[in-house]
Amino acid sequence: MEIEGVSEDILEQLATQYGTWYRTFGSNYLIALPMDNPQALWKELNTIPSVSLIRRRTNLEDVFLRLTGTSLD
């Protein structure tokens, strides 16, 4: 999912807590919802004030970013 309005420190803590990953995506971030319980992280992210969430399916750009750690221009 795409996320905006959260600090990287909080995002890193949540990714570690839920056993998932996150990456910078322009001025926002991408974070993967865990396969075993995606709703738990989704609900927790929704409690953060001023956060904007877009839940979507993974695409080839996401795979590229995950594998290379770089961005598409």
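The following points comment on the fold and the confidence of the structure.

1. Basis. This is a predicted model, in which local features need pLDDT of at least 70, side-chain atom pairs count only at pLDDT 80 or more, and totals for chains, interfaces and linings use all residues. Residues are numbered from 1 along each chain as its sequence is written, and side-chain values use heavy atoms, with hydrogens and water left out.

2. Confidence. The mean pLDDT (the predictor's confidence in each residue, from 0 to 100) of the protein chain is 84, and 89% of its residues reach 70 or more. Helix α1 has the highest confidence, at a mean of 94, and helix α3 (residues 60-68) the lowest, at 73. Where pLDDT is low, the predicted coordinates should not be read in detail.

3. Sheet. An open sheet is formed by 4 strands in the order β2-β3-β1-β4, with antiparallel pairing. Strands are DSSP runs of E of at least two residues, and helices are runs of H or I of at least four, numbered from the N terminus; two strands pair if DSSP finds at least two bridges between them. β2 (22-25) and β4 (52-54) are the edge strands, each pairing on one side only. From one strand to the next, the twist averages 25°.

4. β2 pairs with β3 (residues 28-31) in the antiparallel sense over 4 bridges. Tyr22 has Ile31 as its bridge partner, and Thr24 stands opposite Tyr29. The hairpin has 2 residues between the strands, and Gly26 takes a positive phi near 65°.

5. Helix packing. Helix α1 (residues 8-18) packs against α2 at an angle of about 160°, with the axes 11 Å apart. The two helices are therefore roughly antiparallel, a term for angles over 145 degrees; axes are lines fitted to C-alpha atoms, for helices over the stretch in contact, and angles run from 0 to 180 degrees between N-to-C directions. Leu14, Gln17 and Tyr18 of α1 meet Ala40, Leu41, Glu44 and Leu45 of α2, where contact means heavy atoms within 4.5 Å.

Definitions and conventions. Angles under 35 degrees count as roughly parallel, over 145 as roughly antiparallel, 65 to 115 as roughly perpendicular and the rest as oblique.
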